[in-house]
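Subject: Model for your review

Dear colleague,

I am passing on the structure we discussed, with my notes below it. Please look at the coordinates first and then read on.

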Amino acid sequence: MVGVRRAAFVVAAVLLLFGEPWSVLVLLPDWPVAATAVGTVVFAVAALSFPVLLVLGHGPKQNDAAARVADVLLGTVWVLFAWSVLTHLLRLVLLVSGVDDPARPRIAAAVTLAVAAVLLVTGNRIAMRVPPVKEVDVVLPKLGPGLDGLRVAVITDTHYGPLDRTRWSERLVAELNRLQPDVVCHAGDLADGSVAKRRKQVDPLGGVQAPLGRFYITGNHEYFGEAQAWLDHMASLGWDTLHNRSTLLERDGARLLFAGIDDPTGAASGLPGHGPDLAAALDGSDPDVPVVLLAHQPKQVAQAREENVDLQISGHTHGGQIWPFHLLVRLDQPTLSGLTRHGPTQLYNSRGSGFWGPPFRVFAPNEIALLTLRSA
């Protein structure tokens with residue numbers, strides 16, 4: 001019964017995603033019969049092949065070629081769907097303005113195509129670029145003067161996957177090193193796929209330079225594959241893997257605890273010892289020492305505030321990645337991006353450095369966050 005409901009949901013979602021732009025671009029404009037037939041065939045082929053490509057690409061077989069096509073198709077149809085819906089308002093405005101049929105639906109179709117084309121081209125350029133640096137000052141009242149000005153570079157959601165981004169990875173590392181941070185953090189969702197398939201893209205991260213520490217935690221996507229293997233591999237590259245544990249930093253008599261917890265999906269992964277355990281991560285910590293917690297999902301701040309964590313660093317949301325997907329993300333997470341306060345805990349949520357799936361970012365640019373920690 002569950003399988004039937006799931007199949008029905010997939011069919012309904014595909015029909016909606018592809019059917020709405022088909023109606024706006026092909027059906028309503030009343031094109032000549034030949035053009036309508038060709039357009040209908042194109043949308044039908046895309047709709048029928050999409051779930052097959054998605055399963056082949058992101059299912060157990062992990063066929064990278066199929067995944068690349070499915071991801072581009074997903075991003076394209078999502079943008080077309082969103083702007084097809086919005087152009088119904090344009091048709092209403094044209095109607096009130098006295099524009100006659102068939103001009104109204106044809107103008108709406110042209111606007112939809114033009115806007116989608118611009119957003120997809122610019123969105124791809126943004127997704128594929130080395131992220132710009134976003135500098136943020138964070139005041140931690142318990143931070144000692146010896147650590148005032150500590151520079152923490154944050155990357156997250158690199159999602160190394162079907163599209164080979166080895167060169168991008170090398171340029172990302174070069175940019176991190178140019179910043180000369182004291183600490184570098186990767187807040188999870190490192191890669192999609194096995195270590196054997198993705199290590200070429202990930203291995204440049206071994207060249208990141210940070211004198212006081214390089215810290216990594218798991219995100220939910222690690223638990224779709226080889227979470228423990230990725231922890232082991234990042235450790236082999238010299239990163240400190242904060243798998244429900246912490247590391248104490250000291251400089252000029254001041255101390256700061258960097259702690260990390262697993263993504264919540266780890267609890268159902270079947271891997272022994274995986275799943276968020278904040279008590280274990282903070283075991284033996286001094287209440288007078290400020291704590292910076294790496295936790296992949298922003299909603300984990302609910303636990304952090306109970307333990308009076310000073311700062312939580314998260315990712316996961318991608319800032320929505322492709323507008324207006326952020327509306328769905330906000331149903332599950334307390335924030336999309338930036339620095340917010342949650343009781344005694346400040347939360348910095350990064351929009352992420354890479355992208356998942358569709359190689360597009362629309363109204364949700366990527367970033368390298370450079371947090372400068374200040375004492376009161």
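The notes go from the whole chain to the sheet, and then to single residues.

This is a predicted model, in which local features need pLDDT of at least 70 and side-chain atom pairs count only at pLDDT 80 or more, while totals for chains, interfaces and linings use all residues. Residues are numbered from 1 along each chain as its sequence is written, and side-chain values use heavy atoms, with hydrogens and water left out.

The protein chain has 10 helices and 12 strands, taken as DSSP runs numbered from the N terminus (helices H or I, at least four residues; strands E, at least two). Its radius of gyration is 23 Å, close to the 21 Å that the globule rule gives for 376 residues, so the chain is as compact as a globular protein of that length; the radius is taken over C-alpha atoms, and the rule is 2.2 Å times the number of residues to the power 0.38. Along the principal axes, the C-alpha atoms fill a box of roughly 80 × 45 × 40 Å. Of the 376 residues, 53% count as buried, where buried means under 20% relative accessible area, exposed over 50%, and partly exposed in between (1.4 Å probe, protein chains only).

The record places "transmembrane region" at residues 33–57, 69–86 and 106–124. Residues 33–57 are 100% helix and 0% strand, with end C-alpha atoms 35 Å apart, and residues 69–86 are likewise 100% helix and 0% strand, with their end C-alpha atoms 26 Å apart. The record also places "domain: Calcineurin-like phosphoesterase" at residues 150–319, a stretch that is 25% helix and 22% strand.

Six strands form an open sheet of mixed pairing, in the order β1-β12-β2-β3-β4-β5, where two strands pair if DSSP finds at least two bridges between them. The edge strands, each pairing on one side only, are β1 (133–140) and β5 (240–241). Strand β1 pairs with β12 (residues 368–375) in the parallel sense over eight bridges, and Lys 134 stands opposite Ala 369 in β12. Strands β3 and β4 also run parallel, joined by four bridges, with Val 184 opposite Arg 214. In a regular strand the side chains alternate between the two faces of the sheet. In β4 (residues 213–216), Gly 213 and Phe 215 point one way and Arg 214 and Tyr 216 the other way, and all are buried.

A cis peptide bond, with omega of about 5 degrees, joins Trp 323 and Pro 324, and Pro 324 lies in the loop between β9 (311–314) and α10 (326–329). Asp 189, which is not a glycine, has a positive phi of about 55 degrees; this residue lies in the loop between β3 and α6 (195–202) and is buried, with a relative accessible area of 2%. Phe 363 also has a positive phi, near 60 degrees, in a residue other than glycine; Phe 363 sits in the loop between β11 (345–349) and β12 and counts as exposed, at 54% relative accessibility.

Best regards

Conventions. UniProt positions are given in the numbering used here, feature names are shortened, and annotations may be inferred rather than shown by experiment.
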